2 protein chains.
Amino acid sequence: MNNYKSSVDCIDDCFERLRALDRERMHISRAAALLQWDEECCLPSDGVEERAEQRAVLEGLAHEKLIAAEIGQLLDKLSGELPLNGALQNASGEFPIADFLRVLRRDYDKAVKIPADFVRECAKAESLSQAAWVTARKQKDFAAFAPHLEKMIGFAKQKAELWGWEKTHLYDGLLDFFEPSLGVKEITAVFDPLREHLQQFLKKIAAKPKPDDSFLHYNYEIPKQEAFCREILTGLGYNNKRGRLDISTHPFTTTLGSSDVRITTRYALSDPLSGLFSVIHESGHAFYELGIGSALRYSSLAEGTSMGIHESQSRLWENVIGRSRAFWKPWFPRFKEHFPAEIGGTDFECFYRAVNTVVPGPIRVEADEVSYSLHIILRFELEQMLFSEVLTVNELPKVWNAKMKDYLDVECADDAEGVLQDVHWSMGAFGYFPSYALGNLYGLQFWDKLKEDIVDVDGLLERQDYGMIHSWLRDNIHRKGRSVDPAVLIKEVTGRSLSTESFFRYIEQKYTEIYGL
Amino acid sequence: MNNYKSSVDCIDDCFERLRALDRERMHISRAAALLQWDEECCLPSDGVEERAEQRAVLEGLAHEKLIAAEIGQLLDKLSGELPLNGALQNASGEFPIADFLRVLRRDYDKAVKIPADFVRECAKAESLSQAAWVTARKQKDFAAFAPHLEKMIGFAKQKAELWGWEKTHLYDGLLDFFEPSLGVKEITAVFDPLREHLQQFLKKIAAKPKPDDSFLHYNYEIPKQEAFCREILTGLGYNNKRGRLDISTHPFTTTLGSSDVRITTRYALSDPLSGLFSVIHESGHAFYELGIGSALRYSSLAEGTSMGIHESQSRLWENVIGRSRAFWKPWFPRFKEHFPAEIGGTDFECFYRAVNTVVPGPIRVEADEVSYSLHIILRFELEQMLFSEVLTVNELPKVWNAKMKDYLDVECADDAEGVLQDVHWSMGAFGYFPSYALGNLYGLQFWDKLKEDIVDVDGLLERQDYGMIHSWLRDNIHRKGRSVDPAVLIKEVTGRSLSTESFFRYIEQKYTEIYGL
């Protein structure tokens, strides 16, 4: 009896110790995130250089804490106890111990494989590469960036090699980092039909006249834009006691604590929707992070489970909800009250169509929801080609432009609005892009299920009553944090694996109606 | 030859390693400072609890890094090389190696004496104590706070014991932490005459009619106050590329990087001078930190040398410059332009007198520059009595009130405006108060020397030309950072040890004229 008890005690102690180490590391990571948030939103310009060093120190510390030998030992010891004995399970209440050990083991295994020297070397090269990219983009000079891109690809390959790639492609190793359990094969299986479908659909839309959105191009005073954004944000249920809205060059969401999830946007004088839809998009990310179950707090599980699932939430709020007719029924009158002169005699239908204008262009971040995924698929295909060495860096612009013409019927005027437009590759973030399009698919699949479970969602939106939608998303997705992997989650929630079906139906229905196809 | 070289190399390596460790720790400390700045200026209210934990983690890490065994070993090794051989000295350019080793040794020796458990226990008790103080002050209930104060004094005594106190009093150990090399004896030597002098002087002023400052008590719209503060701040030479001004409950200055020194203020609707003089006061702190020599950057030397010297800079700008006739000559017309209706027909002399009204009151932070030091001396005397155990916590309010009556002829209505007014004791910061009054003395002693070196300072102020004043302060004080201790600094700069002489002369001249004594 005594022996049994002391063994349980020991396991309890190990578990508590692991939780404490994990909690300490999360606090360091969040402090590092604050350094970054502050850099984007507050930092005086001359402080930038030193801030980079501060961030490197804190990120280095967080990494050190993750790969500490003690973490490995505790994981070994505790994983020997799986399936868990009841005493430990009960002691931790709602906390999903087995998932915690699995996820932390995965993070630890990945992290220990990367030598500290390699991390430092990468970080240095990334800084140089990003600076070179900024200049190259400004000067529309891909050749000046090419050697850095070459180097970034080299590092990414090394990283994938170090991690070890279980599937067919080296590139799988990178994809898996952002979207656990999805590789080239799984993604291609949905992206191929998606590409064909959207290409055909875009052609049909292109044959139709473009909706009139001229009223959106007057000057909309920025303080007024901000006031309207804050009204919508509050209306959506974003709680200022648990976050804040600021301005930055690129909109983003960051988690600085379980009750401190901040969003940012930017405002354009003659494009009132740009800032607004950024706010709604980021609020979707924020609702996800704020909805993570309190039992998971301060642990490695207290984050979104993948980039793709994260994008599903942000793009759901931005597009599926935020660009819907039902959503704007009550908000359009408010918009008119904020901007009576600017909007003039524009009626609701005209506004609704303008909010959903489909015009393919060269820039991903400005793309409508029909053409958006094609920008992503293009990048996914190019990344694959780069990593399987069927494409060299020097050939990249030519192939980029050819695919743009092919998929979107868009001519890039130069590399700045072509291959140089995104920051991701300059930072070595390969395998990240697919998440954006996966988010569209996950999002609509969740949405279809939500509409099965909640009667008359449109009625709720028309009454600005978002409570049930929040509850559904929280119960089915948010509260679980990282305790459930994306592939398991989508099946658990919708009963099916990831598919394009819901997204196709949504796009077809919505835009057939808008464009009278 | 070879042997000699390798020994030099080794010493060089040790030195570089020590610099790198020190630099890393400074970055962590500054990240911790950002957590605090953000808490005061930005943090959503529900994030407070978690933020406390994040701060504890980072402050703990900074402490760990300081007391790392490697630091001690490197200090031992390098101090054996003092006086420094030329090779090392040349290699480091302007960097004052011997001072660095001396100061880091002092920090290290103090820090290693405090066990980590004790630090944690203190931190926890401090949180509880501060919370109890907030409530007790609100409810004007000293008895509710007394047990916490008892505990805080206990911890402070233990800390002083752990540090070891070389001088006569246990309290010396605490004073030395904030003001190296000054103890009860040295401080009493200046505070005793200061008290007597100010008491007598206040009596003379009290016999005279109070200047008319009724125009200062209208409503001054806060955005207009802020605009005027920003104008003065820029006029004084505070560079927004190296800092920023925000709003917080209590004004403060914080260094988040060598080019990121931020200040805060608060605005009161019917007291336009409160926010303004806080801005000027904090800018004085900021000029000090921003003026630290670039050779000292990222090192333990890159801070103000003591709290007292810091206060000398802030109080110099706030009072000696900021409340002078010459300063307001060009700024008064600007003030009138910002607030034409509020100021009405008030003329310059009336304004100048109102800015320098002397009316002793119960609250330290609202005190004029004549009575201010008496608030400090009272606290200094009470701290001594508490630490030498001639006074118990329970007797504190009675003695406080008696001294207030004696020194300032002020009756405290209750303990909220008496012994409970300051946050310091609730945080265990004993020995800190004297710095404020020492700052007044240091400041005027510097100022007298500055006026010897710079011809026609009043002329400069009248022309809003602060460049030479900044240069003088930077060359003589700021650039040295912590490389020179306060007692050495005051002698080095002014040729004399700390004395009350300059301050007495300043107060007498200024207020004799204003009050027609």
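**Confidence**

Begin by colouring the model by pLDDT. The scores for the model are ipTM 0.93 and pTM 0.94. Select chain A, where the mean pLDDT is 93 and 96% of the residues reach 70 or more. Next, select residues 1-5 of chain A, over which pLDDT stays under 50. For these residues the model has one contact beyond four places in sequence. Where pLDDT is low, the predicted coordinates should not be read in detail.

**The interface of chain B and chain A**

Now display both chains and turn to the interface. How many residues of chain B are in contact with chain A? In chain B, 37 residues are in contact with 37 residues of chain A. The size of an interface is often given as the accessible area lost when the parts come together. Here chain B and chain A bury about 3,000 Å² between them, and 55% of that area lies on carbon and sulfur atoms. Select His27(B), Pro44(B) and Glu50(B): they supply 19% of the area that chain B buries against chain A, more than any other three residues.

Polar and charged partners may be examined next. Across the interface, 15 residue pairs are in polar contact, both residues being at pLDDT 80 or more. The count of salt bridges between chain B and chain A is seven. To view a salt bridge, select Arg30(B) and Glu50(A), whose closest N and O atoms are 4.0 Å apart.

**The largest cavity**

Rolling a probe the size of a water molecule over the atoms shows where empty space is left. The structure holds six cavities of 30 Å³ or more, and the largest has a volume of about 70 Å³. Which residues line the largest cavity? Arg30(B) is one of them, together with Arg242(B), Ser258(B), Glu289(B), Leu290(B), Ile292(B), Gly293(B), Arg297(B) and Ala302(B). Colour this lining by residue class to see three nonpolar, two polar and four charged residues.

Terms used: Residues numbered from 1 in each chain as written. Chains lettered and ligands numbered in written order. Predicted model: local features only at pLDDT ≥ 70, side-chain atom pairs only at ≥ 80, totals over all residues. Heavy atoms only, no water. 1 Å grid on protein atoms, 1.4 Å probe; cavity = no way out; pocket = protein on both sides within 12 Å on 5 of 7 lines; lining within 4 Å. Points joined across faces, edges and corners; volume = space filled by probe spheres on them. Nonpolar A, V, L, I, M, F, W, Y, C, P; charged D, E, K, R; others polar. pLDDT = per-residue confidence, 0-100. Contact = heavy atoms within 4.5 Å. Buried area = accessible area lost by both parts, 1.4 Å probe. Salt bridge = Lys/Arg side-chain N within 4 Å of Asp/Glu carboxyl O. Polar contact = N/O pair within 3.5 Å; in protein donor to acceptor, adjacent residues only side chain to side chain.
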